[in-house]
Amino acid sequence: MTRSAPPACDTIVAPATPPGEGGVGIVRLSGSRAEALLAAAFRGRTAPPAMVSHHLYHGRLCRRDGTPLDEVLAVIMRAPHSYTGEDVVEVHCHGGSQLLRCILDLFLAEGARLANPGEFTQRAFLNGRLDLAQAEAVAALIGARSEQAARIALGQLEGRLSQQIHHFTTELRELLLLLEAHIDFPDDDLGTLDHQAVSTRAAAVHAAITELMLTFDNGRALREGVSVLILGRPNVGKSSLLNALLGEARAIVTEIPGTTRDTVEEELVLDGLPLRLIDTAGVRDTTDPIEQEGVRRAREKARAADLVLLVLDGSQPLTAEDRMAVAMAPPERTVLVRNKSDLPAAEEPHSHPFLSHVAVSVRQGTGLAELQAAIVAHFCGPGAGDTVGGVVLAERRHRDALSGTLTALERFRAAQAAGEPYECLAFELREALAALGQITGETTPDAILEQIFSRFCIGK
Amino acid sequence: MAVRRTMSEGAHYQVIVVGAGHAGCEAALAAARMGCRTLLLTLHLDMCGQMSCNPAIGGLAKGHLVREIDALGGEMARNIDATGIQFRMLNTKKGPAVRSSRAQADRDQYRLRMKLVLESQPGLDLKQGQVVRLLEAGGRVSGIETREGLRFQAPAVVLTTGTFMRGLIHVGLVHYPGGRAGEPPSEGLSEHLRALGFVVGRLKTGTPARLAKSSIDFSRLEAQHGDSVPRPFSADTERIDRPQLPCHITYTNACTHEIIRGGLDRSPLYSGVIEGVGPRYCPSIEDKVVRFPEKDQHQIFLEPEGYASGEIYPNGVSTSLPLDVQRAFLRTLPGLEAVEIMRPGYAIEYDYVDPIQLLPTLETKALRGLYHAGQINGTSGYEEAGAQGLLAGINAALQAQEREPVIIGRDQGYLGVLVDDLVNLGAKEPYRMFTSRAEFRLLLREDNADQRLSALGRQVGLLPEARWQRYCAKLAAVATGGGRLREVRVAPGDRDTLERLGLGLLNNGASLEELLRRPEIGLDDLLFLDEQLAALPVEVRDELETSVKYEGYIRRQQDQVERTRRMETQVIPADFDYATVASLSAEVREKLQKIRPHTLGQASRIPGVTPAAIAILAVLLRR
Ligand SMILES: Cc1cc2nc3c(=O)[nH]c(=O)nc-3n(C[C@H](O)[C@H](O)[C@H](O)COP(=O)(O)OP(=O)(O)OC[C@H]3O[C@@H](n4cnc5c(N)ncnc54)[C@H](O)[C@@H]3O)c2cc1C
Ligand SMILES: Nc1nc2c(ncn2[C@@H]2O[C@H](COP(=O)(O)OP(=O)(O)OP(=O)(O)O)[C@@H](O)[C@H]2O)c(=O)[nH]1
Ligand SMILES: [Mg+2]
């Protein structure tokens with residue numbers, strides 16, 4: 001149940017820039033071991049201890065076994081003259097999310113920890129690099145970043161993967177509850193603990209996580225890219241827009257409202273930026289259960305999406321259903337798309353508190369370039385958050401959690417084989433659950449007790 | 001002989017304790033022993049320290065609490081050592097951290113001895129009376145008023161009303177007011193607390209019938225004996241040499257369950273008469289039969305109530321079924337074919353005050369100087385009550401003496417876990433301690449309770465000097481023993497020794513400590529190698545063995561504690577204004593505002609307070 005914040009003195013790492021395909025990416029480290037971590041991986045004419053603070057050095061970043069990862073520029077900014085006030089290292093590498101992942105993994109394997117949302121700024125403040133008046137701003141930033149991180153993590157963890165991870169949690173809780181029941185209720189006739197069964201089940205979870213980790217390393221496990229959701233009432237031209245952006249007829253387009261009944265997802269690269277384009281069922285009040293489900297999903301996705309394209313039919317007056325769609329869209333992450341500009345406009349464009357408005361005609365292909373530019377600007381332009389970096393980070397966070405689970409499970413199995421007492425086995429399992437808990441939420445002692453009471457007839 | 005001057009009605013005390021149950025007795029003794037003029041008021045003077053339910057002290061995690069009470073200078077451990085009739089160490093096949101002591105008590109002797117201790121405590125007045133109201137002055141508590149209108153003044157008051165506030169006893173569909181079988185309820189006080197703004201809720205618990213020993217045929221039943229060498233709970237008890245009594249084991253069967261099912265229409269639990277929430281870990285037999293229909297038998301322990309008692313306590317058949325159903329189902333159990341019920345089993349509903357309204361000192365947030373301890377906080381169990389009573393008594397005394405309060409950490413003891421859980425999570429159902437609630441479980445052993453808490457007991461002035469000296473001597477012995485383990489070595493050529501230990505070749509020889517790390521070697525196996533080690537007391541040797549064998553785990557838990565240290569020591573000012581922190585979500589703000597955590601660490605344990613919220617607070621606390 002320890003929900004301990006990690007000590008503020010360890011060394012943290014995170015991507016500092018969005019990884020477009022091509023271009024430059026920056027990975028930033030902060031903390032007392034930043035320089036040592038760089039030294040462990042950097043091969044160049046000047047070794048890190050000899051590097052002058054605030055100077056760029058050319059070299060290669062290599063894995064433990066010597067295989068080079070990338071040609072990079074590295075800079076050390078020694079404490080206290082750095083953004084965080086601690087030793088800071090920045091590695092400028094070639095962009096590209098796969099490469100960025102490998103570099104993060106390299107530093108993680110050497111003992112760095114993934115930074116929490118806003119943690120660099122938090123450290124800067126705690127180390128007196130930002131003045132007191134900025135405390136509120138720092139707090140607000142941490143709040144906003146955490147919300148964004150949570151949203152991205154949610155968006156990444158859908159479907160099969162999420163089921164798999166929840167299954168791991170369920171299994172480990174189950175094993176823990178067996179141990180805990182035998183520890184806390186020795187006088188209740190629970191029978192003897194079946195060590196063989198426990199060990200078999202632990203081995204199965206171990207194997208499944210190992211396999212899942214492989215898919216992470218292949219970059220297949222989690223959805224790639226940031227999500228862009230197309231939202232609007234039926235028949236405004238959402239599916240047509242998807243097809244137009246993709247340059248192919250992927251979704252079915254008809255003049256019948258309610259054509260798209262479920263979400264359709266496609267991958268797309270815009271200016272080197274990997275996107276997941278999601279078409280949804282038109283938002284409307286409906287009694288058809290299938291369509292209702294589609295609308296429910298659209299609403300959920302709008303909450304998790306990194307960007308929403310809210311499509312209106314510019315040739316029609318605003319309907320009640322349009323208003324439903326408007327209400328679903330988070331203003332700070334929404335671009336308003338007024339479609340069908342080839343037809344006479346119904347009314348003057350009204351002001352909504354959205355990011356930007358674009359008028360398009362999918363039929364004639366006008367305004368599409370402008371829309372694409374608006375999308376790219378949201379993610380990469382000046383003032384953009386670090387959503388793209390966040391995606392890589394969220395993905396690594398998931399992997400990191402699984403790898404922590406794996407380590408703890410290995411200890412558990414070794415301890416079980418060595419015949420360690422139950423409470424020590426439980427200790428290892430709790431560590432495994434705590435690692436998984438970074439994805440699925442923590443396992444409280446109450447949750448375990450609850451399961452014990454419902455499973456076993458306990459108490460006198 | 002000097003006559004002790006007692007304080008009379010209307011007099012001024014430093015601490016007043018309401019209720020002489022397990023919480024109240026500890027609270028009053030602690031306050032008086034710390035030098036406060038203390039008054040203990042209770043409904044019925046013959047019932048001080050009465051065990052309402054099972055005549056037993058200790059058990060899993062509860063045994064730990066009793067040792068902690070002892071380490072701090074409380075009474076419960078000595079009391080059970082002096083009046084126990086069967087002592088058993090539980091979980092001996094598991095690791096050292098989860099071994100717990102349990103003892104059955106002679107119910108009458110336990111109560112009588114406790115009353116004697118109270119009566120002979122200088123500075124403590126014991127009186128019968130029902131408290132109906134608190135007195136207030138200047139925004140804080142200033143005393144109490146009894147039903148008769150008598151007023152007593154004190155700057156600190158500890159409420160330990162147990163199951164008595166608006167107690168309602170159920171036997172079948174019949175119910176009547178009572179605080180415990182044969183005793184009146186406490187009326188008026190909980191209404192008064194509600195009027196003061198406290199959130200008061202309702203809980204429920206139950207107890208089995210008491211059986212006539214003479215009507216039971218023990219000859220066919222399996223006996224369960226205590227340990228051959230009983231281990232005392234208290235460091236003050238050298239050894240226990242009173243005769244020990246056995247328990248007997250019997251089982252319910254299909255016929256029992258049939259009768260119970262047939263009586264459910266007259267169960268207050270299943271007919272919806274009872275509103276209070278009952279403990280899930282202590283289900284009634286009707287609950288077990290309904291919820292686990294696939295179980296064809298339930299184990300029942302027949303426990304003697306004392307040396308001279310003609311009553312037997314059947315552990316495992318708590319019930320509130322009508323008396324005729326109770327008798328009928330009990331008579332289906334082997335050995336109980338002709339059993340006579342002496343006292344019926346019953347359920348009781350009572351008022352409690354949600355402990356989320358408390359500070360981790362057990363003082364209420366709403367009324368300064370007022371402390372709550374024991375079942376009034378939604379806990380159940382004598383040990384949970386006693387431990388809280390002790391802490392509340394200590395803090396009440398400290399406040400009366402204008403000294404700094406004491407808070408016990410989750411890494412310091414089960415008492416810390418207990419209180420921290422209560423004040424952060426509240427109690428929606430009766431709370432019982434389990435070892436699984438303690439995240440630092442491997443550090444919280446029974447045998448090191450003194451190392452965790454005795455310094456604190458001495459610091460507040462509760463642990464007598466002689467006891468402290470004995471503790472220091474034990475520490476010195478542990479240090480000596482540790483030194484010997486590292487210094488004494490077995491040489492590589494020492495064939496005899498190696499053979500005796502069943503070892504092969506040792507290239508460089510090995511210290512005893514290194515040998516002890518091997519799973520197959522215990523400290524007892526090594527004693528022939530060193531006289532000094534062999535001469536150490538058994539508890540010192542156990543301690544040495546544990547600290548060597550589990551060194552890796554202990555260190556890892558200590559690292560975990562260390563990692564939380566910064567958060568646990570970051571104090572949040574009591575007047576911190578969460579309402580102005582816009583970057584916290586409204587939900588988190590509301591939770592923090594309600595609980596007003598004492599430290600950042602405590603804040604992080606409030607359900608729904610996210611790590612991001614903690615990071616934000618960390619920033620703002622620096623401002
Ligand atoms: C029927 C029953 C079944 C139980 N079953 C279990 C069980 O299965 N497992 C378990 O762990 N625990 C059980 N318990 C609980 C256990 O008895 C209590 O947890 C423990 O005794 C609580 O201690 P306490 O000091 O808080 O209160 P109590 O021991 O109840 O003592 C309260 C004291 O306060 C006094 N008092 C109350 N109101 C006033 C007032 N207004 N003025 C003056 N004095 C007052 C009373 O006279 C009494 O002496 C049961 C209790 C009962 C009654
Ligand atoms: N005039 C004109 N018609 C368009 C334009 N874009 C789409 N349409 C037409 O609008 C109709 C609806 O298009 P869809 O793409 O199926 O609309 P949708 O929003 O996906 O609708 P649902 O799936 O039913 O929610 C089709 O007949 C399209 O041909 C446009 O720019 N101009
Ligand atoms: Mg469509």
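How do the residues of the shell around ligand 2 divide into nonpolar, polar and charged? The legends below take up this point and others in a predicted model.

**Figure 1. Residue classes in the shell around ligand 2.** The shell around ligand 2 divides into seven nonpolar, eleven polar and five charged residues. Of the 23 residues around the ligand, A:Asn235, A:Ser240, A:Gly258, A:Thr259 and A:Thr260 come nearest. Helix H7 of chain A, residues 238–246, gives the most to this shell, with three residues.

**Figure 2. Polar contacts of ligand 2 with chain A.** A side-chain N or O atom of A:Asn339 is 3.0 Å from an oxygen atom of ligand 2. The neighbouring view includes A:Lys340, with a polar side-chain atom 3.1 Å from an oxygen atom of the ligand. A:Gly282 takes part through its backbone, where a polar atom is 3.3 Å from an oxygen atom of ligand 2. Ligand 2 exposes 650 Å² when taken alone, and the protein buries 93% of that.

**Figure 3. The shell around ligand 1 in chain B.** Around ligand 1 there are 35 residues, of which B:His22, B:Ala23, B:Val131, B:Gln375 and B:Gly381 come nearest. By class, 14 residues of this shell are nonpolar, 19 are polar and two are charged. At least two shell residues each come from helix H1 (22–33), strand E2 (38–42), strand E13 (200–207), strand E20 (346–353) and helix H9 (382–400) of chain B. Strand E13 of chain B gives the most, with three residues.

**Figure 4. Polar contacts of ligand 1 with chain B.** An oxygen atom of ligand 1 lies 2.8 Å from a polar backbone atom of B:Ala23. A nitrogen atom of the ligand is 3.0 Å from a backbone N or O atom of B:Val131. B:Lys62 contributes a polar side-chain atom, 3.5 Å from an oxygen atom of ligand 1. On its own the ligand has 990 Å² of accessible area, and the protein covers 97% of that area.

**Figure 5. Ligand 1 and the domains of chain B.** Chain B is divided into domain 1 (15–205 + 350–460), domain 2 (210–348), domain 3 (465–554) and domain 4 (570–621). Domain 1 and domain 2 of chain B both give residues to the shell around ligand 1, so the ligand lies between them. For domain 3 and domain 4 of chain B, the C-alpha centres lie 48 Å apart.

**Figure 6. Domains and overall make-up of chain A.** Three domains are assigned in chain A: domain 1 (12–130), domain 2 (139–215 + 389–440) and domain 3 (224–379). The centres of domain 1 and domain 3 of chain A, taken over C-alpha atoms, are separated by 39 Å. The secondary structure of chain A comes to 13 helices and 13 strands. Of its 460 residues, 54% count as buried. Among contacts in chain A between residues at least 6 apart in sequence, 66% join residues at least 24 apart. Chain A has an accessible surface of about 19300 Å², and 53% of this surface belongs to carbon and sulfur atoms.

**Figure 7. A cis peptide bond in chain A.** The bond from A:Ala79 to A:Pro80 is cis, with omega near 0°. A:Pro80 lies in the loop between strand E5 (68–77) and strand E6 (88–94) of chain A. For comparison, most peptide bonds are trans.

**Figure 8. Positive phi at B:Arg166.** B:Arg166 is not a glycine, yet has a positive phi of about 50°. Most residues other than glycine have a negative phi. The loop that holds B:Arg166 runs between strand E10 (156–159) and strand E11 (168–171) of chain B. The relative accessible area of B:Arg166 is 30%, and the residue is therefore partly exposed, a class that lies between the cut-offs of 20% and 50%.

**Figure 9. Positive phi at B:Glu402.** B:Glu402, also not a glycine, has a positive phi of about 55°. B:Glu402 is found in the loop between helix H9 and helix H10 (414–425) of chain B. With a relative accessibility of 75%, B:Glu402 counts as exposed, because that class begins over 50%.

Note on methods. Residues are numbered from 1 along each chain as its sequence is written. Chains are lettered from A and ligands numbered from 1 in the order in which they are written. This is a predicted model: local features need pLDDT of at least 70, side-chain atom pairs count only at pLDDT 80 or more; totals for chains, interfaces and linings use all residues. Side-chain values use heavy atoms; hydrogens and water are left out. A residue is near a molecule or strand if one of its heavy atoms lies within 4 Å of it. A polar contact is a pair of N or O atoms within 3.5 Å; within protein, one must be able to donate a hydrogen and the other to accept it, and residues adjacent in sequence count only if both atoms are side-chain atoms. Accessible areas come from the Shrake-Rupley method with a 1.4 Å probe; for residues, only the protein chains shown count as cover. Helices (H or I, at least four residues) and strands (E, at least two) are DSSP runs, numbered from the N terminus. Ala, Val, Leu, Ile, Met, Phe, Trp, Tyr, Cys and Pro count as nonpolar, Asp, Glu, Lys and Arg as charged, and the others, Gly among them, as polar. Domain bounds come from an automatic or database domain assignment. Buried means under 20% relative accessible area, exposed over 50%, partly exposed in between (1.4 Å probe, protein chains only). Contact means heavy atoms within 4.5 Å.
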